[in-house]
Amino acid sequence: MPVWDADQYLKFQRERTQPAIDLAARIQLESPERVVDVGCGPGNSTAVLAQRFPGAELSGLDSSAEMLETAQETLPDVHWFQTDITTWEPDEAFDLLFSNAVLQWVPDHETIFPRLMSFLKPGGALAVQLPAHYASPLHRCVIELSQRPDWNDVTAAARQALGCESRSFYYDLLAPLSSRLELWETEYIHVMESVEAILEWFRGTGLRPYLEALPDAATRDRFEAELLKRFSIAYPLQQNGNVLFPFRRFFMVAYR
């Protein structure tokens with residue numbers, strides 16, 4: 001897992017939070033009592049849950065102390081705790097497990113998704129949003145650039161840091177465990193003020209493993225400069241100077 005920077009992540013708070021709003025709106029639970037935001041980050045998605053389910057006992061978990069510190073400052077009444085999702089063993093069952101753009105960082109979805117389902121009360125829901133942009137120029141450009149001979153070896157692990165399976169994989173995995181299962185995709189068209197803004201967006205998430213793998217600041221600067229050249233071709237300017245930045249996301253809500 002990369003080292004997280006809450007301030008960098010929240011530079012695009014509105015765009016990053018909208019999928020959480022859309023996912024929460026689709027959850028059909030009446031007055032859930034125990035709700036946990038799995039991989040809560042700086043608390044922006046947890047704030048969505050607090051508004052959507054005001055009567056719930058709300059918790060947020062994350063592996064990053066830096067993210068949890070920001071979350072605590074924003075929502076002091078939420079129960080925050082630091083743990084690893086893959087080893088987490090809750091004492092009680094939940095009505096809702098909510099995960100917004102987190103599980104793409106966690107390997108072995110064939111194991112982790114059923115494990116999370118087992119933490120639900122009967123009738124409870126697992127609601128997940130995963131970025132599904134891996135065929136996009138954003139992802140393709142960084143993969144191709146990282147495979148250049150001068151940094152192919154040091155970025156090999158970074159290319160494996162993110163992952164999302166096919167929609168049929170999640171259906172086959174969750175359908176036998178669910179009384180009802182909803183799957184959908186949305187492509188958000190973000191209007192960015194420049195191509196540089198797309199690079200700034202990427203610094204907060206998927207670019208972090210690559211930058212952390214590179215040996216020094218000069219190499220990181222060179223890598224980013226080369227990536228920006230590729231983005232400038234892949235994301236042309238509109239007539240008013242803005243840039244359209246499509247970003248596809250995959251959603252699922254599985255009811256136990």
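**Entry 1**

Is Asp150 buried, partly exposed or exposed? I looked it up and found Asp150 partly exposed, at 43% relative accessibility. For my own reference, buried means under 20% relative accessible area, exposed means over 50%, and partly exposed lies in between (1.4 Å probe, protein chains only).

A note on the model before I go on: it is a predicted one, in which local features need pLDDT of at least 70 and side-chain atom pairs count only at pLDDT 80 or more, while totals for chains, interfaces and linings use all residues. Residues are numbered from 1 along each chain as its sequence is written, and side-chain values use heavy atoms, with hydrogens and water left out.

**Entry 1: the partners of Arg148**

I stayed with Asp150 and found its side chain in a salt bridge with Arg148 (3.2 Å, N to O). My cut-off for a salt bridge is a side-chain nitrogen of Lys or Arg within 4 Å of a carboxyl oxygen of Asp or Glu. Arg148 is itself partly exposed, with a relative accessible area of 26%. Arg148 also meets Glu226 in a salt bridge, at 3.6 Å from N to O. Arg148 sits in the loop between helix 6 (137-146) and helix 7 (167-174) and Glu226 in helix 10 (residues 217-234), so this pair ties together parts that are 78 residues apart in sequence. Helices (H or I, at least four residues) and strands (E, at least two) are DSSP runs, numbered from the N terminus. Glu226 counts as partly exposed too, at 22% relative accessibility.

The structure holds 17 salt bridges.

**Entry 3**

Next I checked Arg203 and Glu200, a salt bridge whose closest N and O atoms are 2.2 Å apart. Both residues lie in helix 8 (residues 195-203), 3 residues apart, about one turn of the helix. Arg203 is partly exposed at 22% relative accessibility, whereas Glu200 is buried, with a relative accessible area of 18%.

In what order do the 7 strands of the open sheet run? I read the order as 3-2-1-4-5-7-6, with mixed pairing. The edges are strand 3 (79-82) and strand 6 (180-192), each pairing on one side only. Two strands pair if DSSP finds at least two bridges between them. Neighbouring strands of this sheet are turned by 15 degrees against each other on average, direction ignored. Those angles use axes that are lines fitted to C-alpha atoms, for helices over the stretch in contact, and run from 0 to 180 degrees between N-to-C directions.

I looked at strand 1 (residues 34-38) and strand 2 (residues 57-62), which run parallel and are joined by 5 bridges. There Arg34 stands opposite Glu57.

**Entry 2: strand 5 and its neighbours**

Why do I call strand 5 (residues 120-131) largely enclosed by the rest of the structure? Because 9 of its 12 residues are buried. Strand 4 (residues 94-100) pairs with strand 5 in the parallel sense over 6 bridges, and Asn100 stands opposite Gln129. With helix 5 (residues 109-117) between them in the path, strands 4 and 5 make a right-handed β-α-β unit. Right-handed here means that, with the strands pointing away from the viewer, the path from the first strand over the helix to the second runs clockwise.

Strand 5 also pairs with strand 7 (residues 243-255), in the antiparallel sense over 7 bridges. In this pairing I found Pro131 opposite Arg249.

Leu244 lies in strand 7 and is partly exposed at 36% relative accessibility.

Last, I checked backbone angles. Ser31 has a positive phi near 50 degrees without being a glycine; Ser31 lies in the loop between helix 2 and strand 1 and is exposed, with a relative accessible area of 67%. Ala101, not a glycine either, has a positive phi of about 55 degrees. Ala101 is in the loop between strand 4 and helix 5, and counts as buried at 19% relative accessibility.
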